[in-house]
Amino acid sequence: MKVDVLLGLQWGDEGKGKIVDVLTPEYDVITRFQGGPNAGHTLEFNDQKYILRSIPSGIFQGEKINIIGNGVVLDPLLFKQEAEALATSGHDLTERLYISKKAHLILPTHRVLDAAYEAAKGDGKIGTTGKGIGPAYTDKISRNGVRVGDLLHNFEAKYAAAKARHEAILQSLNYTYDITGLEAEWLEALEYLKRFNLIDSEHVINEYLKEEKSVLAEGAQGTLLDIDFGSYPFVTSSNTVCAGCCTGLGVSPRSIGDMYGIFKAYCTRVGSGPFPTELFDETGDELCRIGHEYGSVTGRKRRCGWIDLVALKYAVMINGVTQLIMMKSDVLDGFDTIKACVAYRMDGQELTQFPYEINDTIEPVYVELPGWKTDMTHMQSEDEFPEEFNAYLAFLEEELEVPIKIVSVGPDRAQTIVRYTED
């Protein structure tokens with residue numbers, strides 16, 4: 001049995017949570033392989049809205065096994081708040097959620113370091129969520145991290161050493177802070193975390209594969225935020241691409257099956273960093289308003305623009321995408337004309353390959369397609385799609401050379417159409 005991977009192809013916020021929830025009935029095990037509580041996956045069904053930050057999005061479907069993998073950084077306090085909120089709404093996770101012992105913990109001082117580093121950057125701020133993700137991954141790579149498994153092995157000494165190291169850094173930055181209340185809550189949340197199944201996840205997942213159990217791996221953020229292949233330095237601190245699944249779960253590349261790539265019918269970005277197709281006009285405002293483009297974790301307004309096929313082709317290549325899933329198609333329902341960026345104009349040349357660095361000097365080259373001017377939110381099958389929308393799908397498939405298998409026409413689980421096109 002193989003591990004199928006599902007991840008975003010843009011700058012995050014593509015709608016991964018909803019699709020994991022839709023696909024979960026086909027799988028036995030749902031895993032999360034990287035990222036932290038800065039990534040909010042929103043799901044809507046039965047007139048309820050849920051936002052998941054660290055817990056895999058398969059938690060709502062039956063008795064499926066859900067695993068937080070070793071590639072994730074976990075804040076016990078935020079995890080406790082998330083899990084308790086789900087328990088209150090009738091979703092008890094203690095028997096169905098497993099946590100890797102090798103996942104790293106986000107400490108209270110990581111949050112303070114995050115704020116201190118951002119303040120020190122001044123105008124060069126990355127625009128982090130302030131959740132301590134970057135400092136936690138920094139400690140991981142520098143071999144100074146504290147892991148979930150350390151809760152069972154001399155935790156007090158390891159935590160004290162990490163805290164002292166962070167305090168020395170903060171003192172050198174002359175950064176004033178007080179974590180007394182936060183630390184007390186955090187330490188209390190550690191006891192809550194111990195209620196869950198803490199496992200050697202790499203062994204467990206590979207054993208499931210031997211037992212022919214089907215596994216779906218869920219990524220966070222998006223390809224263009226990958227630490228190696230994204231729009232550096234305005235990226236996250238982990239590998240958000242398909243290869244991150246292998247290191248984030250402990251599975252072999254030979255174990256990877258289908259690669260589901262999720263993208264919006266347009267494009268958005270949160271925080272700082274280059275965005276070639278960003279719109280600063282009424283059209284951009286309309287995309288934001290209709291698409292409710294505000295961060296599910298931060299509440300920050302997302303920057304909006306037309307779809308960028310230069311970047312999307314790059315993401316398809318890097319990930320080896322086998323099936324595409326297009327989200328928020330309905331947001332474009334009312335536009336007379338739809339634009340798609342097919343090249344960048346840079347230093348007097350047209351580029352069709354994603355360059356080493358993207359910056360404000362890049363000018364997008366667009367093609368225009370007719371809008372469909374039809375409300376698609378109530379459609380149940382692709383037979384109902386308007387001719388102009390089918391033309392848009394065909395254009396994207398020709399450009400990306402991968403079939404679009406699923407189309408989302410609204411936020412609810414039921415507003416998801418599986419296409420029966422031939423490969």
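Predicted model: local features only at pLDDT ≥ 70, side-chain atom pairs only at ≥ 80, totals over all residues.
Mentor: Ground rules: residues count from 1 along each chain as its sequence is written, and side-chain values use heavy atoms, without hydrogens and water. Local features need pLDDT of at least 70 and side-chain atom pairs 80 or more, while totals for chains, interfaces and linings use all residues.

Trainee: Are α5 and α6 roughly parallel or roughly antiparallel?

Mentor: Helices here are DSSP runs (H or I, at least four residues), numbered from the N terminus. Residues 155–172 form α5 and residues 180–193 form α6, with axes 14 Å apart and an angle of about 150 degrees. Angles over 145 degrees count as roughly antiparallel, so α5 and α6 are roughly antiparallel.

Trainee: Which residues of α6 make the contact with α5?

Mentor: Contact means heavy atoms within 4.5 Å. On the α5 side we have Phe 155, Tyr 159 and Lys 163. From α6 come Glu 183, Trp 186, Leu 187 and Leu 190.

Trainee: How many disulfides does the structure hold?

Mentor: A disulfide is a pair of cysteine sulfur atoms within 2.5 Å. The sulfur of Cys 242 has its closest cysteine sulfur in Cys 245, 6.1 Å away, too far for a bond. For Cys 246 the closest cysteine sulfur is also in Cys 245, at 5.6 Å, again too far for a bond. The number of disulfides is zero.

Trainee: Is Cys 246 buried or exposed?

Mentor: Buried means under 20% relative accessible area, exposed over 50%, and partly exposed in between (1.4 Å probe, protein chains only). Cys 242, at 9%, is buried. With 15% relative accessibility, Cys 246 counts as buried.

Key. Axes fitted to C-alpha atoms, helices over the stretch in contact; angles between N-to-C directions. Helix = DSSP H or I, 4+ residues; strand = E, 2+ residues; numbered from the N terminus. Parallel < 35°, antiparallel > 145°, perpendicular 65-115°, else oblique.
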